[in-house]
Amino acid sequence: MSVNEQQPQLSDLPPEMLDFNILKATIPLAPRLGRLSLPGRKSILTPAFLGNTSRGAVPHISQDNFRKCTTLNGVYVALEDFIEKMPHKQPPVFQVEGEEPLRQFIALPKETLLVLGARRAPPVPSPAANTNSEVGLYTSVGFRSISSEYFAAAVRNLQPDIVVGLADIPFGQESIGTKRKDKMADRTETWMRDIIAKRKTLEKEERNFNIFAPILPIERDLQSWYLEHLVDDMAAKIHGVAIYDSFLLDGLPEELHHLPRLSFDTPATPQALLRQVNLGVDVFTVPFVTDATDAGIALDFTFPAPAKQDAESNVRQSLGVDMWRTEHALSVTSLTEGCTCYACTKHHRAYVQHLLSAKEMLGWVLIQLHNHAILDAFFAGIRNSIENGSFDNDFAAFEAYYEPALPEKTGQGPRVRGYQFKSEEGQGKVPKKNPKAYKPLMGETDRLKLQAIHGQQPNKKPEVADQIDDEALMGLVDLENMRPEEQLEALEVEDDKS
Amino acid sequence: MAPVPMPSALSFELLGKCSVTKARAATLQLPHGPVPLPIFMPVATQASLKGLTPEQLEDAGCRLCLNNTYHLGLKPGQATLDAIGGAHKFQSWPHNILTDSGGFQMVSLLKLAQVTEEGVRFLSPHDGSPMLLTPEHSISLQNSIGSDIIMQLDDVITTTSPDLARMTEAMERSVRWLDRCIQAHKYPERQNLFCIIQGGLDLDLRRKCTAEMVARDTPGIAIGGLSGGEAKDAYCKVVDTCTGLLPEKKPRYVMGIGYPEDLVVSVALGADMFDCVWPTRTARFGNAITARGVLNLRNAVYSEDFGPIEEGCRCVCCRSQEDGGLGITRAYIYHVTAKETTGAHLLTMHNVQYQLNLMRLVREAIIEDRYPAFLKEFFGKLYDDKSKYPEWAVDALRGVGVDLLSD
């Protein structure tokens, strides 16, 4: 089944050419093993996941911790995180000089694969509808549209390793009419041709990029023209496909089967992720990792699942531990037994529980590092299982062993910004995610207490005191349930009881 | 009351003294390792330094940080600290910790607090029930925390208070409370209790208090009640007066000080140890401390500034990737500040490194006996013109033999 023969050897390839080696594949719509390699970058064994960045960083993981405490070999970056000031002003990232401006700007290690797309994963529906020539984006300062030409020029400038072609997908729209679907295919094809044309214009000394073609989340016959043209005209110029609905993988033309498949079909659970692996997806962005982190949930699952202690038992194990729970307050054990991540080897549950309840940012840092380690081990387990030919059984055992969904969020997370969360409504009608941080007419005492939580001293010298920027303060910690009186109540003074 | 001779869990090795000013360089040996003096101590209020892992704090060069007794008493609470075996284990920090007494927060943050001879009495804002923090309880909490340096509970009132009788009472009470703290202290052989000199801006009160406190022979001595809105020249007079009366072989800690110019002047006045939340708090608002002043990187002018936060800085953010750093630019900080928590982490690392490095340079200059020249260079960088030098700093330094305005 291997299609390796058709591919040139790695050493023959021009320096920035992506190579995808399928190491094990049985039949279409089955799990497969591969290796994604690009000279100068660490190879990625697939199935695998990319770090899902926000404004250039994996949330809560500063660039030094990314190097020291994670094993991520690739990241996904969204262009919309960088171009909010346009059209009034040239976005700063385009003014970075030298090699690989985007990589430099976000301080990504040289050996980490950089994948760029227009929209975040998952995208927040933009109130600006796509048009024949433009795609609506949602930036941190509101929505805007960019043209296909703009996108292509941005890619050329930013020099990512891989670019995900622009797709005309009306995110957030529940039902899409047939006419609209026709348009989706037509526009996506045009935009693919634009980016391919742009790539052709690259000078010899310019750094090349690899193009992943979107496969639209619509029925095959409604995008058949597009797919045919991909195969007939563009196959040699594309290096992978981006999947938005993994159940449509059976509609993928056979001529494209050798290409790596990057999924934007957001899995809500590890089980959903396994279902996609089972359909032959190679590379994922996994937004539920950061969602769990923000909710204070330390992921706790392995693949294959451990053997059931009691075969008769119908009790399923939780996929994560809610670190907000006070039962951890005295627990000096690691988040997950045996986990070798920084958080588990250096810290314990009691500290993480304290950090969450004290709203200290380090709580999310530690859980995020842990959750990425859990996911990394999960994917290693998947690859082993495929290798051993036991994936089907392991998948079934996993579903039987674990609860079908991640635990419900109970505690407060960091403040969520408009560009970060997914709206269920779509159509630009965004529900209020963050209740008002300040209650109106907050009393002086309350304000002092609130400031106290942030270490602000009321008697600060006025001439040198910082400007307290409420927005910045609120931006990092969600305070709407901050009730200092609750904390004060917890202060036990021994002398008081007598 | 005859002072009880007190064991000490530290040793103070004086390495050098400035031949002009009162500045000193020393090494302070504490239970969790040596620390260089003069020193700036970052404040990890709730057993965490604003998003940094203990390793990141260590990498920035920190070997002594603060925890706040008031906050740790609330969360995680004394029972948890006892069960886990203290704050070092709790936050996995292998180096030294200093804790305050909790009194400052009580009084300054809770308007409802009332100080009596027993302790600080306050009404729980939750249900109005009376609560009390005594010297004994403060020490008990700090014993549970296990910090390397613990502070006595003192009667803190704002330095600008015009009520001399109240100021005198507070000073005298602080002395009595020190005796109670010494009595209550369970682990003098592994935790160093520092007294705190009170007396507001009244130099006579400060002198009296200093004499009383010095007689108690605690391992270290703090000058408290400052950094509360008083004029800077009055602040300098208090520090200068107190250090003039202190024994040479003990560390001197001025509480709540952290602006770079305050640090270098206070060192010239003979102080060794400082703490302040400002460097780390201000980082969260996008403010970067540099030798040329504080830059607010949220200002749009920095959005296209692709230089490091500070040229020549050795922090992990500012060093280039070729130099083992990250090569973070001002433009990137602008891009993430107040939008991603990582923006706060990066700038916090820079600011901590700045403060610690400043003290390292101060120390080197003292050891090489060129501190007056260092001071001139420092102010020369911070202000583009001598006419902008703050008067209080010029006056205070003139008082210890350095004329910033001369060439």
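Here are a few stops, with what to select at each.

Before you start: this is a predicted model, where local features need pLDDT of at least 70, side-chain atom pairs count only at pLDDT 80 or more, and totals for chains, interfaces and linings use all residues. Residues are numbered from 1 along each chain as its sequence is written, chains are lettered from A and ligands numbered from 1 in the order written, and side-chain values use heavy atoms, leaving out hydrogens and water.

Start in chain B with B:Leu37 and B:Pro38, which are joined by a cis peptide bond with omega about 0°. B:Pro38 sits in the loop between β3 (33-37) and β4 (39-41) of chain B; helices (H or I, at least four residues) and strands (E, at least two) are DSSP runs, numbered from the N terminus.

Next, select B:Lys75 and B:Pro76: the peptide bond between them is cis too, omega near 5°. You'll find B:Pro76 in the loop between α2 (69-74) and α3 (78-84) of chain B.

Now jump to B:Asp369, in the loop between α13 (341-367) and α14 (371-382) of chain B. B:Asp369 isn't a glycine, yet its phi is positive, about 50°. Its relative accessibility is 36%, so it counts as partly exposed (buried means under 20% relative accessible area, exposed over 50%, partly exposed in between; 1.4 Å probe, protein chains only).

Last, switch to chain A and pick A:Gln159, in the loop between α3 (148-158) and β9 (162-164). A:Gln159 also has a positive phi, near 55°, without being glycine. Buried or exposed, is A:Gln159? Buried, with a relative accessible area of 11%.
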